[in-house]
Protein chains: 2
Amino acid sequence: MSDTDDRNIYLSTIAPEEAVRRAKNALDRAALIRQETVTAHESCGRVTSQPIFARCSSPTFHSAAMDGIAVRSADTFAAREGSPVTLAKGRDYAPVNTGHPLPEGMDAVVMIEHVEQAGDNSVRIEAPAFPWQHVRRIGEDIVATELLLPQNHALSPYDVGALLAAGIYEVDVWERVRLTFIPTGDEVLDFTARPTPKAGQVIESNSQVFRAIAASWGAQPSFTPPVPDRPEALAAAVANALAGGAHIVVVGAGSSAGSKDFTRATFEGLGRVLAHGISVMPGKPTVLGVSEGEFAGRLLVGAPGYPVSAVVCLEDVLEPVVRWLVRQSPPGRTRIRARLARKTPSRPGLEEIVRLAVGKVGQGYVAAPLARGAGLITSLTKAQAVTRIPAQSEGLEQDAMIEAELLTPLSGLDAVLVHIGSHDNILDLLANELMGLAEPLQLVSSHVGSMGGLTALKNGAALFAGCHLFDPATGDFNFPFLAKHLPGMDLTVLNLAIRHQGLMVAKGNPKGIRGVADLARPDISFINRQRGAGTRILLDHHLSQAGIAPASVRGYEREEYTHMAVAVNVLTLAADCGLGIFAAAKALDLDFVPLALERYDLVLPTAHLSDPRIQTLREVIGREDFQRRMRDLGGYDTPLTGQMMRPGMGLGA
Amino acid sequence: MSDTDDRNIYLSTIAPEEAVRRAKNALDRAALIRQETVTAHESCGRVTSQPIFARCSSPTFHSAAMDGIAVRSADTFAAREGSPVTLAKGRDYAPVNTGHPLPEGMDAVVMIEHVEQAGDNSVRIEAPAFPWQHVRRIGEDIVATELLLPQNHALSPYDVGALLAAGIYEVDVWERVRLTFIPTGDEVLDFTARPTPKAGQVIESNSQVFRAIAASWGAQPSFTPPVPDRPEALAAAVANALAGGAHIVVVGAGSSAGSKDFTRATFEGLGRVLAHGISVMPGKPTVLGVSEGEFAGRLLVGAPGYPVSAVVCLEDVLEPVVRWLVRQSPPGRTRIRARLARKTPSRPGLEEIVRLAVGKVGQGYVAAPLARGAGLITSLTKAQAVTRIPAQSEGLEQDAMIEAELLTPLSGLDAVLVHIGSHDNILDLLANELMGLAEPLQLVSSHVGSMGGLTALKNGAALFAGCHLFDPATGDFNFPFLAKHLPGMDLTVLNLAIRHQGLMVAKGNPKGIRGVADLARPDISFINRQRGAGTRILLDHHLSQAGIAPASVRGYEREEYTHMAVAVNVLTLAADCGLGIFAAAKALDLDFVPLALERYDLVLPTAHLSDPRIQTLREVIGREDFQRRMRDLGGYDTPLTGQMMRPGMGLGA
């Protein structure tokens, strides 16, 4: 048996809009989605399947629109300031409160503020009342028999009020779309068992992302435990979901072209395939089919296994179909213009959806592209927006004005602090602290290393940049690099902490690593940081001092973007050691061979000091309890924390 | 006992923001809102009360990012196009699918598309694989021990995925804010009994608007049956709600200064009043208090009884407090710029919230103010937006560019057809028909009479205007008025129907009304239409022909804005007769004394004929089944329906 010939080959990919069109064409929504009757007071969010006509008028009677007295307007025409008309209770007026019916024959209300008590049973007024003054007339709001709401109308909270006011207690609505999600894969663990995964295992989570998203559409999602990679098991699960009444069955993973990808074949067995492959990344391995036979006319969806791909499949392909089934359109996302923080190349041929951290810098919005892998759910959890790079484009240039589709409310963007620069665990501590403020601030970090942060500052793309660049020539930090790379910019440098850098090694240091010299040993595998990272520059400096060529370090070319990622490589024995901060080693209980102290500073344009958010940031950094929490992490010293740095200070005050 | 001295007098009103500030100051949210633990997969929409740190890394192992073969990159460096490297299964490569762990020692994946089968157990590749190519490395998405989500973070569907992927199965969140709504009023009927109201009675509905709105905030609303207007009953109901665990108790109605308004006094008995009266209309009679004693520190809210006032109290005062209790901000509404269709005066001293019908006319958005009474829930159900007239303003001028806060998705506005003009029941039929299209259109009518519609056309504020103006001099409809009032405009006139106008009288015609001459009888009370309405112009013509002075018609000065409202006055004997269309009389089973036939036309700028929405409208009007439904209403003839009218046509073709 060969490794290639039993695999599915994609049909040519189609645009998501075309996939949606094919699904709509293949489904008969009039047959698929029935009407049902629900109580009016619980109908919010449902969609009317019939026009609704008012049963009662509202109000059903002429009623007082103000607190005061009901009168016959003709009795009051003579009233003038200084020449009052006196009215007798019972005969000429009746006290009324707002909403009360007007007594027979009376046609106006005088507000209580304009009524003067004359005796126990008489009042004086000094102005005439015009007919129907302060009177709510019959049917002013709703007239019986009139159309209250049309068919195919999504019921709002206000509509619920109108329904009840009109005496409507039940409404005919389209039934909710029932979707069943079936996760698949031998390596996938059922999250309900609360597992701890071993190598080769993954905790199933897409079903729950799906469930929460589908619920937000007003649909009725359900899910099954993971189904193993056996065609007959998958076919049985899909058939079972159809028999259970699902209008749509979504199979998670297995939609691609691997030897264990049975989704397409399963759909072919149960009906016919409408599309395989959409021209968007992430999301490409999406399969659409329609069932035939006993439960004919249901939609079958093969969603990709990668979490971001699955989300794109759900949001770009499935949502429009689900909304259409109940005669609605997707509400769409708020779109804003934002400046792209850095060049973002993209492979032509597929549209690419890029996740963005978006915040206000100066007067406009800046969007920093987040990590792009389809497997990174955190690229969505960190994002405030996405943007689309068209299929024919080779990417976006830095500073391009892009259209950002917001995933979060527009009103929240002003509270987003976009940090671009070096990664440090204290930033997480700081992020959490900022969310605890009375007016919370959301710190979003784009980890591009110290040099990347300086570039972002140069382009006006970051509010501030975390930076820890050591200059061997002067023994100073950051300033020599600012002078060289950002000449003429008015920048302020605030120290966040002094931190301990060293070699992270496995617990017990089994390979006996003592220092940089050991990195040249053939039995030592190293895991490096990316180009431009301050930590990599530090490594290069120490290698150079020790006379070791990078090429002789095994693994020098393997790059990670954060200290913690390096630490995890060491923990899992994927590498013997890596250079990083003490806090990362401590978090994963690794041993640590100290190499150097360094200053981790926040660099920002001096103009940003007047930004209230930066003032808040400085206030938080200055707090003693926050600094104590930094020291408690281990590997951080705080003698300079919060202070403005000057050139030549090095590690001293 | 007098009618004035037992009434509450408002404290000076304060801005809603100040009311919110006072509520926040009076509440200790750390004491009021507890933490609770929920399962991660059901946590969407909840707010974290603690930072969440990852328990597992994701992936927990180096894994294949593509379907293909895992290799040692070093083994492939020599591969070139035309000079392939052959690899042996087991020794040099292993087939892998996306997500599978990389076998020990292998560090790259070659995509299946780039693998050529050489023999049963060997493959050829023609390009080198670089190290870590198509490999998802350990912790690429999530690193164990790192901050996954900060405190006070509202959990999204994506976050649910990240939680499970990180091995987090339970999360600490803020408990949901529990609110209890207590409707009050002797005249208020419990909707759960499905009542039919008599005069003086109102179906309670605010509790359900409240419930749907509060649920949309993520809060936990509950409600009680209506409580009668007795202070001790209200006090008991509030105390009971507090004892039941409500963080916030909302009393519906009774918050004003009427003799049965006990909310303020009740709050004073249970705690202290923080504010009475907010400087916004609708919404002014809002009371805020805080409880003392056994259940101290809970918020007490007196919401006004009018539905729109209640909504303003909930959305402008209560929502910010509820969100703040769970450390959030209201998401806010999307704001757009729109041109105001007509002058909108406003009383200085209070901010006024005006409901708006908003749709696209030409290139921009036009906003037509809807009816302004605080008692009109339909002014909210019809609205796409609201705007605020500041307290110090005397109103907005026609054509003013206003900021509209959208109540519906921006994406839906293009499908809104703004009709400004005369009212007719066929417009409801048409509205319902348009919602049944594959691409539904939403018809929103602002009823200002035929002349008002022409003014709107003149100002470019309406897509089209319903118009039925009879010119006695020529015997023609509409064109003489267009020539006089809109000279030089290129307009198209489409007939919608010929309709029957007449006197609507009570069933059996008890007063024996035979024609216009009877309107001068002193025993006959009339209900009129508003100035500018075509029906009023028709009445004036017939009165003039009969030689009857308007002043001699009892009720000539009483105005309603629609046929149906006139019909309801007749049905409830509030008037003996009114002029209107047959369809309105038939709907309410009234008798009808025919007076005249008239042409009801749609007038529109000829340029709008190219608007695809107008093309759809014409297509629908032209359908035979739609015309049949019009005729089935009764009182409509359709020989001209859908045709373009020419001057001088009158009622003939």
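Start where chain A meets chain B: the rule finds 4 salt bridges across this interface, a salt bridge being a side-chain nitrogen of Lys or Arg within 4 Å of a carboxyl oxygen of Asp or Glu. To see one of them, select A:Glu170 and B:Arg194, whose side chains come together with N and O 3.3 Å apart.

A word on what you are viewing: this is a predicted model, in which local features need pLDDT of at least 70 and side-chain atom pairs count only at pLDDT 80 or more, while totals for chains, interfaces and linings use all residues. Residues are numbered from 1 along each chain as its sequence is written, chains are lettered from A and ligands numbered from 1 in the order in which they are written, and side-chain values use heavy atoms, with hydrogens and water left out.

**The rest of the interface**

Stay at the interface, where the rule also finds 32 residue pairs in polar contact, both at pLDDT 80 or more. A polar contact is a pair of N or O atoms within 3.5 Å; within protein, one must be able to donate a hydrogen and the other to accept it, and residues adjacent in sequence count only if both atoms are side-chain atoms. Now colour helix 4 (residues 157-165) of chain A, which supplies 8 residues, the largest share of the side of chain A that touches chain B. Helices (H or I, at least four residues) and strands (E, at least two) are DSSP runs, numbered from the N terminus.

How many residues does each chain bring to the contact? Chain A gives 126 residues and chain B gives 127 residues, with contact meaning heavy atoms within 4.5 Å. The buried area between the two chains is about 9,800 Å², and carbon and sulfur atoms give 57% of it; this is the accessible area (1.4 Å probe) that two parts lose on being put together, summed over both.

**Chain A as a whole**

Of its 653 residues, 60% count as buried, that is, under 20% relative accessible area, with exposed over 50% and partly exposed in between (1.4 Å probe, protein chains only).

**Salt bridges inside the chains**

Over all chains the count comes to 84 salt bridges. Select A:Arg46 and A:Glu36, which form one with the closest N and O atoms 2.4 Å apart. A:Arg46 is buried at 12% relative accessible area, whereas A:Glu36 is partly exposed at 32%.

Then select A:Glu315, A:Arg333 and A:Glu403, which are among the residues linked in a network of salt bridges.

Move to chain B and pick B:Arg22 and B:Glu18, a salt bridge with 3.0 Å between the closest N and O atoms. The two are 4 residues apart in helix 1 (residues 16-26) of chain B, so about one helical turn separates them.

Next, find B:Arg499 and B:Asp424, whose side chains meet in a salt bridge at 2.2 Å, N to O. B:Arg499 lies in strand 34 (residues 491-505) and B:Asp424 in the loop between strand 29 (416-421) and helix 9 (425-434), so the pair ties together parts 75 residues apart in sequence. Is B:Arg499 buried or exposed? B:Arg499 is buried, with a relative accessible area of 0%, and B:Asp424 also counts as buried at 0%.

**Last stop**

Finish at B:Gln117 in strand 8 (residues 116-119) of chain B. The side chain of B:Gln117 reaches the backbone oxygen of B:Gly119 at 3.1 Å.
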